[in-house]
Amino acid sequence: MTDKAIQKRLEAATRAIAKRKDIAINFSGDTASPVLGSSEVITLPRIDDMALLRGDADLSALALRYHNPLIHYNLRPISTNAAIVFDALEQARIEIIGSQNWSGVKQNLNKRLEEYHSKQLYHSTSQPVADILALLLRERALGTKPPKKIKAIVDLWRTRLNDSVEKNLDNLPANINDQKQYASLVNNIINELSFEGKEESKGEASTKSGEADEETPKEQNSGEDNNSKQTEFVSSPETGEESFTSVIKSEDLPPDDAVQLDSPLTAPPVNNISNISDFSELLNSPEYHIFTTHFDEIVEADKLATPEEITRLRALLDQKLIAFHSVTSKLANRLQRLLLAKQSLIYEYEVEEGVIDSKNLSKLVTDPNYSYIYKQEKETNFLDTVVTLLIDNSGSMRGRPITVAAICADILARTLERCGVKVEILGFTTRDWKGGQSRKLWQDAGKPEKSGRLNDLRHIIYKSANMRWQKARKNIGIMLKDGILKENIDGEAIIWAHKRLLARPEQRKILMVISDGAPVDDSTISVNSGNYLSEHLNKVIKIIENYSPVELLAIGIGHDVTRYYKRAVTISDVTQLGDVMAKELVKLFDE
């Protein structure tokens, strides 16, 4: 069966489970879109493992059908760690409903769960309590045994949960179809997990605006022995951040060879993080909040316009290319010449096999037994490179700036491809002005304070790294489409582009950001400080520059970006963009 046929079947099944004929489904992501943040566009990984792909599709469809984001937001705890548990048990609720209704869905979700736990790093003295509780709940509701890798840990936790947590877990399956009552029971469980103070949901917190939290942590029975059942939050002495830790003594644990756990995840040294999950932890900022991801989308550019529009916009871009023809031809030729020069053949001489080196033939004449007359071409790291162009698609880029950015992206992709370097072209904006659906949801929730980012993100894939320029060529013109350019939230866009780069197999990864201003989103700024988005952007950049193998540089169009980026160039005229891009890339390859 062809990929197209598989996609059509999956699309039909996903729409049927979700009971939504209007949802769009993309098969272009490196990972599936967030389960509790599913938008009107479901993004799924490329077709590889069919069972896993079905599991991702089924889960996204179930979330659209059975998950109410407004109820979830109102009852979700404020604390980050408590919210993780709340989200995990809500996802488990959705999975249980689907598994009870469809046996095929149950098989797909079980396969997905096995794969998820096979990739996690678990350590016997610092446990993922959200994962444990979700597995215990699935066992109660479906009779599903925990995956082998984590079974020993789950068995250990069974004896450590107190009676109140056990009772609430027992009551959850009976309330699976009532999200509100179910969420209330989940919050009871979270409150039993001994926080520094009782957890409040956002709805409760909003009714206590301005009041100090006077509740104190639960007192533990001083007479309990070493076998007492308790779970608590502790603060890290290094970071001060709270994390779940089970209060289990090392002597209570089974021997390491019986548990067969991976080694704990340790703090990576500077400039040595290449794992996506490591960065997720590092970039998780307690100061930066997101009201909801439900309406965010990652979309392929050709889904934003009709085929007729795409053809018209590409023709328009080609027309504009004529005006820049002399400049662009010189730029493309110069860049290609410089890059190809870097790829000049490098040989290792005097080896026993390879291509005959004419310079050593005289040695063979004087010594017939001499065998080192060959040379071998050495591999260079030059070709093992991927470049991502992340282009600001905000309203202020309208007109000449976005036209020149599109032209330069087009030229760069074509030229680098000729030189054997892969290129990805991404854009970032928002789906609407002034907050979109996120703001409406915020208003319906009673306008809670400290809501954080309050708009619907739109991240656009114009050309993926594996797509040939000839095929992606038509997409570049879509940057000129009226209505796409809205507001810009740079920090999250860079995290997204960076995550895509980390997943690439190439050894060298370059991220070039092209922007004409600081992050601006009226809706977010209206409920936060004026520098809320800028501070987040600054933190994201510093983490990538200090810890990531990705090489980050920025080009500011009429805007000084050097205050954010270590490696940055500011241009005053957009026509300088192509030349500056070429020079910066050549500098990087020189290094």
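**Reading the predicted model**

The protein averages a pLDDT of 75, and 69% of the residues score at least 70; pLDDT is the predictor's confidence in each residue, from 0 to 100. This is a predicted model, where local features need pLDDT of at least 70 and side-chain atom pairs count only at pLDDT 80 or more, while totals for chains, interfaces and linings use all residues. Residues are numbered from 1 along each chain as its sequence is written, and side-chain values use heavy atoms, with hydrogens and water left out.

Q: How many contacts beyond four places in sequence does the model have for residues 206–272?
A: Contact here means heavy atoms within 4.5 Å. pLDDT stays under 50 over this stretch. Where pLDDT is low, the predicted coordinates should not be read in detail. With that said, the model's number for residues 206–272 is 102.

Q: What share of the 591 residues of the protein count as buried?
A: Buried means under 20% relative accessible area, exposed over 50%, and partly exposed in between (1.4 Å probe, protein chains only). The chain folds into 22 helices and 14 strands. By that cut-off, the buried share of the 591 residues is 49%.

Q: Which helices do the buried residues of α8 pack against?
A: Helix α8 covers residues 163–171, and its buried residues are V165, N168 and L169. Seen down the axis, these fall within an arc of 100° (taken from the directions from the helix axis to the C-beta atoms), so they line one face of the helix. An α-helix has 3.6 residues a turn, so residues three or four places apart point the same way. The packing partners of that buried set are α6 (129–142) and α9 (179–192).

Q: Which residue caps the N-terminal end of α8?
A: Look for a side-chain oxygen 3.1 Å from the backbone nitrogen of S164. A polar contact is a pair of N or O atoms within 3.5 Å; within protein, one must be able to donate a hydrogen and the other to accept it, and residues adjacent in sequence count only if both atoms are side-chain atoms. The oxygen belongs to N162.

Q: Which backbone nitrogen does the side chain of D296 reach?
A: D296 sits in the loop between α12 (276–282) and β5 (297–300). It's buried, at a relative accessible area of 14%. Its side chain comes to 3.0 Å from the backbone nitrogen of L457.

Q: Which residue in β10 does V386 stand opposite?
A: Strand β9 (residues 385–392) runs parallel to β10, paired over seven bridges; strands pair if DSSP finds at least two bridges between them. β10 (residues 422–430) is mostly covered, with eight of its nine residues buried. Across from V386 is K422.

Q: What is the phi of K434?
A: K434 lies in the loop between β10 and α17 (436–444). It's exposed, with a relative accessible area of 57%. Although K434 is not a glycine, its phi is positive, at about 55°.

Note on methods
Helices (H or I, at least four residues) and strands (E, at least two) are DSSP runs, numbered from the N terminus.
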